[in-house]
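Please keep the sequence and the structure in view while reading.

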Amino acid sequence: MGSAPYPAGEWKGKGRGGLQELGCMPWKVSKQKGLGAGVSSSSSSPQAPPPSSQTPPSIYHEKQRRELCALHALNNVFQDGTAFTRDTLQEIYQRLSPSTLMTPHKKSMLGNGNYDVNVIMAALQTRGFEAVWWDKRRDVGSIELSNVTGFILNVPSNLRWGPFRLPLKRQHWIGVREVAGTYYNLDSKLRGPQSIGCPEELRKFLRQQLRGKNCELLLVVSDEVEAQQTWRRRDS
């Protein structure tokens, strides 16, 4: 699948150098008599606490392959590389009548991907979930984040031919979800998970994305949440 789990905090602050940027302090040699060189006085330099034994959770991030961004977005939202397969989505695509497809793609007939929203919605239903289309006229502040499993965005993306970026755009599916209290952009075209941050930072991220042209947002929620409409905040 071209996927790899990453520690949750690994992608924060990469590329920075220097002790001060890492929050490290140089070791101070005590000037008191009777102390050997390189030994710090306990009164001036308290001992550092032992390192935490808590291991940061891993993040599943599926990388882009062919035009299977819908597959990658689904698996990244579910944090499971076996949640869906290309064969599963292809079977769903072939089962759907072409007359019911909003935006059918010829390449999907060959199993190369580029699946549309109908395939994503049907795939989610096989696992007891629903895709709620978000009305961009409403503010994302009215979303009850605690009841949303994840988000799938459809955004314009540059086409590439090998290492070259072409002056053309095509719609692209990306997954976003929370892992251990932090929201991550799990776009399959990224080198690794990109930290978004806390719930308020997520709302800022979604607002920015939805201001762009041809951008749509789907909320991935359980059947129960959709039936009770609890993905909406009560005070909205």
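The text below takes the pairs of charged side chains in turn.

This is a predicted model, in which local features need pLDDT of at least 70, side-chain atom pairs count only at pLDDT 80 or more, and totals for chains, interfaces and linings use all residues. Residues are numbered from 1 along each chain as its sequence is written, and side-chain values use heavy atoms, with hydrogens and water left out.

Side chains of opposite charge can pair when their charged atoms come close. A salt bridge is defined here as a side-chain nitrogen of Lys or Arg within 4 Å of a carboxyl oxygen of Asp or Glu. The count under this rule is 4 salt bridges.

One of them joins R137 to D135, with 2.7 Å between the closest N and O atoms. R137 is exposed at 75%, whereas D135 is buried at 18%.

Which residue forms a salt bridge with D139? The partner is R207, and the closest N and O atoms are 2.9 Å apart. R207 belongs to helix α4 (residues 199–210), while D139 is in the loop between β3 (129–133) and β4 (150–161), so the pair ties together parts that are 68 residues apart in sequence. Helices (H or I, at least four residues) and strands (E, at least two) are DSSP runs, numbered from the N terminus. R207 is partly exposed at 25%, and D139 is partly exposed at 42%.

R207 also forms a salt bridge with E200, where the closest N and O atoms are 3.9 Å apart. E200 is partly exposed, at 40% relative accessibility. Through shared partners, salt bridges join D139, E200 and R207 into one network.

Note on methods. Buried < 20%, exposed > 50% of the residue type's maximum accessible area, 1.4 Å probe, protein only.
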